[in-house]
Amino acid sequence: MKFLSAERIADFFAALATSFELRLPVMLPDGTRSIGTLEDGPIALQGGALDSKPTAVFFPQQEVVFTARDGEVPDTPLPARPLLVVGLTRCDLDCLRFIDRFFAGGWRDDLYFRQRENAVIVAVSGYCGAGGSLLPLAAGNCDLELVWDGSCWLVVPYSESGGSIADSIADSTGSGALQRIRTESLFHIDEGDAIIRRASELLRANRVPDSFWEEIGDRCIACTGCNLVCPTCTCFGVQDWRYRNVVERSRMWDSCQLAGFMREASGHNPMGSEALRSRRRIHHKLAADPERWGEISCYLCGRCDAVCPTGIGIVAVSQELVARFE
Amino acid sequence: MKKTLTVCPYCGTGCALYLVSDGGRLIGVEPSVTHPVSRGGLCVKGWNAFAFVQHPDRLTTPLIRRNGELMPASWNEALGLVVERLQSIQQRYGHDSVMFCSSAKATNEENYLLMKLARGVFFTNNIDHCARLCHSSTVFGLAETLGSGAMTNSIACFDQADLIFVIGSNTTEQHPLIGTRILNAVRSGTKLIVADNRRIRLARHADLHLRHKNGSDVALLNAMMHVIITEGRMNRPFIENRTENYAAFAENLREWTPERAAAITGLEAGEIVVAARLFAEAKNAMIVFSMGITQHSHGVDNVRCCAALALLTGNLGRPGAGVNPLRGQNNVQGGCDMGALPDVFSCYQPVADPGMRQKFARAWGVADLPGSPGLALTHAMDAAAAGELQGMFIMGENPLLSDPDQAHARQALQNLELLVVQDIFLTETAVLADVVLPAACYAEKEGTFTNTERRVQRLRKALEPPGEALADWEIICALAERAGYGGMRYSGPAQVMEEIAALTSSYGGISFERLDQHGLQWPCPDAKHPGTPVLHVDHCTRGPGRFSPADYRPPHETADDDYPFVLTTGRTYFHWHTGTMTRRSHLLDREERSAFIEINPEDAGRLGVRENDIVLVASRRGEIRVAVRVTGMVIPGVVFIPFHFAEGAANALTNNVLDPESSIPEFKVCAVRIRRIV
């Protein structure tokens with residue numbers, strides 16, 4: 001099995017940057033960990049899930065859909081080099097799988113797949129969570145996995161492109177450490193998992209009264225952060241900027257926590273109260289998606305709970321809900 | 001891809017965010033997770049702070065009015081014309097015939113430079129900015145009572161208070177990340193009193209919600225203090241050791257029984273007693289206020305009462321307490337600190353003091369500086385309307401929508417011989433200008449903003465300005481150069497801050513290097529000073545805290561038979577002031593698309609109006625058409641209209657009556673009538 005010492009990581013990525021458009025975890029100037037380029041800051045593979053969602057490289061907060069000049073829409077050239085995206089955790093990969101399926105369904109979203117199609121996904125796992133805690137092994141769902149065993153990064157390929165990257169590494173080691181991490185990962189329990197499953201059952205059994213959602217709605221300032229940081233939220237709005245002979249259409253992340261999200265042209269709003277919108281946010285992930293896709297669409301990345309200024313992220317709300325109505 | 005750490009351009013909370021750009025195009029924001037104020041969160045405006053920056057409406061070239069139309073022109077011609085015409089006016093009418101309006105949206109460095117340009121180059125103290133319209137009464141009232149016209153405490157203190165008394169601040173909408181601290185504190189057991197007759201979000205969480213009549217704050221606060229004194233709940237050691245003028249103050253309160261205040265405020269006497277007891281019983285009580293206190297013809301008196309309540313109960317000089325005016329604009333604190341005010345240089349050093357004038361004249365290399373205070377913004381508009389002011393240079397303000405009595409503001413601006421507007425979009429005011437100068441926005445320049453807790457923070461350039469637009473500081477320096485002044489040649493804003501620090505004791509230890517990451521809170525007098533989270537710790541800035549008695553004066557205009565409703569104005573969560581930026585941000589604009597009026601269901605029934613009906617709202621000064629929102633947010637007899645919308649401009653109705661001491665207009669109370677149209 002190939003491995004990389006911590007000292008070799010910078011050279012390893014610098015070499016990959018010659019053939020890929022690199023997006024990897026970096027430490028920004030104030031200590032925020034984010035996905036960026038080698039120019040944005042020092043590489044920061046350690047520390048667990050990134051503060052912002054790595055799926056934004058395929059579906060950014062705002063992007064141009066097309067720019068029409070004199071009524072003509074030119075073809076958008078494909079990216080010159082494929083993306084190599086590093087730093088997804090096991091739950092980030094679940095999220096990516098979920099939105100891949102969403103964007104591929106019905107009208108295939110060419111904007112999304114323009115970047116996503118040939119991208120190489122590199123996961124991180126092992127003892128590189130916050131404070132050296134275990135990030136469970138992804139074991140698939142990606143091209144390559146970098147597994148921190150406490151002293152070096154074990155390189156585990158899962159696809160052809162992942163394999164050829166691994167092949168370029170010279171150093172080899174035994175696979176004992178990987179086995180240990182694989183076993184530990186099997187026993188890794190995220191306490192949030194049981195909570196959201198129990199919350200999901202309560203919601204699907206219709207055991208949560210409207211008054212609960214009124215309370216949650218009272219605490220929501222509609223910052224929209226929960227939606228915007230969620231890797232499985234895919235809703236977007238569309239705007240046209242028209243000037244001179246140009247129409248520039250772009251799309252941007254939208255939020256179901258905004259009244260305008262479902263307000264109809266007449267002014268009628270089927271989600272016209274804070275309570276209804278708060279309910280929808282949780283209900284969609286824990287009750288509606290299981291019916292449509294067969295799985296809860298929260299993979300416990302923790303970002304909405306971290307970003308919410310009033311403590312009503314999905315796990316926090318699920319905890320309250322379970323404590324009061326189970 | 002590039003991520004640039006900067007400061008949100010909207011409110012005075014001062015949240016930190018990263019602007020994300022790709023190939024010269026902004027594609028989003030990310031919050032800073034380590035920032036002590038925003039702690040990884042943002043409000044909806046912060047999350048959309050990138051959205052207007054590259055809007056096609058941005059000004060990209062100077063414009064000069066030719067044959068009645070604004071036409072593109074070169075910088076050379078525009079700068080030359082501005083200087084030549086300002087000088088020509090001054091030669092004919094005197095130095096004080098021109099007015100400089102600075103901007104709470106611009107950086108500290110830019111406010112300082114415009115102040116320097118007005119005073120040092122054009123020899124006039126006619127400089128002011130929109131602080132006149134929002135917290136001039138705070139600056140005056142707190143300077144008199146405590147010695148420093150700023151928030152006494154820090155945003156972190158909201159986590160340490162046992163009671164928070166919010167009066168006249170819709171905090172979750174106007175300072176959202178501070179509002180969320182209050183919500184969180186309440187869940188952890190902090191008591192909350194909200195005094196505001198609108199049923200704002202905080203009121204839903206309050207232990208006590210006082211829906212007192214508009215403009216009756218002095219009566220309410222005086223009666224609360226009356227109860228505290230008569231029940232012996234005041235902090236006697238604090239009063240003895242730390243204050244002055246208590247005896248006269250207490251004497252003045254003798255008649256302010258809760259019953260008397262009840263008649264004025266419309267509250268039950270018992271509610272006032274409960275509020276007084278709750279406040280006095282709290283170990284650490286914070287007073288939080290904003291425009292609901294300040295924007296009155298008795299705004300300074302309101303502020304005096306807030307300060308007195310803190311002094312009376314000893315809630316000053318320690319974490320979790322204090323008098324906390326929440327400053328509105330991202331840099332309105334800094335605009336004031338930099339001396340973009342008619343009577344003071346940076347950090348409130350009076351222009352009337354010959355020693356101060358000498359100090360600045362020497363530093364700036366000029367022979368002399370003007371000594372008599374200049375015109376306040378509101379007085380300048382009156383002077384222009386009366387034909388007593390000929391030239392106005394406006395940087396980053398939109399008075400046609402933001403000043404009271406729009407017809408008056410329009411007449412004032414149209415009356416000018418020369419109107420120059422420097423802005424990022426062609427605002428309603430810029431449309432009237434003779435010369436328009438295109439400026440870089442916050443994302444396109446370097447500099448510093450000072451937030452409401454006196455935290456001086458760096459903004460950083462994420463991308464180039466559009467077309468030929470230049471940073472405000474570059475334009476100001478170029479104007480100085482054209483006017484023949486060689487003392488404004490800087491390598492960049494960092495060097496301007498060096499000059500500010502050398503002349504301004506509370507910024508003395510501030511430099512760009514030291515501000516990296518999370519900034520510093522002034523006073524920060526020297527290069528080793530860690531900054532000051534809490535003011536007035538051992539003594540007030542002025543020495544003893546001063547009890548300033550205030551007597552109740554009703555609002556200038558109250559409801560009567562002809563105009564039976566009280567109109568109060570303000571903002572919504574999704575828009576910022578005159579909408580220049582937020583109405584060009586897709587999601588924000590979608591949330592609140594047009595002007596509306598909030599009417600209580602009882603009143604709506606009496607008027608025969610329903611949700612979304614269009615009504616004509618008229619005051620003695622003007623009329624507008626707006627859509628009806630029937631809501632219990634307002635009490636019967638009171639209506640609310642936000643002032644963001646040019647097509648339904650609330651300020652067409654408001655009353656240009658000023659507080660005699662601070663010259664702040666009475667935006668919060670005027671009388672209107674309402675008629676259904678559609």
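## Pocket lining and aromatic contacts

The lining of the largest pocket is made up of 17 nonpolar, 13 polar and 19 charged residues, where Asp, Glu, Lys and Arg count as charged, Ala, Val, Leu, Ile, Met, Phe, Trp, Tyr, Cys and Pro as nonpolar, and the others, Gly among them, as polar. The model is predicted, and local features need pLDDT of at least 70, side-chain atom pairs count only at pLDDT 80 or more, and totals for chains, interfaces and linings use all residues. Residues are numbered from 1 along each chain as its sequence is written, and side-chain values use heavy atoms, with hydrogens and water left out.

Of the 49 lining residues, A259(A), G272(A), R277(A), E592(B) and R629(B) lie nearest the centre of the largest pocket; on a 1 Å grid over the protein atoms alone, a pocket is an open set of points where a 1.4 Å probe fits, with protein on both sides within 12 Å along at least five of seven lines, and lining residues have an atom within 4 Å of a point.

R629(B) also has its charged end over the ring of F596(B), as K53(A) lies over the face of W253(A); the rule asks for NZ of Lys or CZ of Arg within 6 Å of the ring centre and within 35 degrees of the ring normal.

| Charged residue | Ring | Distance to ring centre |
|---|---|---|
| K53(A) | W253(A) | 4.1 Å |
| R629(B) | F596(B) | 3.6 Å |

W253(A) belongs to a cluster linked by ring pairs, whose members include Y112(A) and F113(A). Rings of Phe, Tyr and Trp (its six-membered ring) pair if their centres lie within 6.5 Å, with planes under 30 degrees apart counted as stacked, over 60 as edge-to-face and the rest as tilted.

How values were computed:
Chains lettered and ligands numbered in written order.
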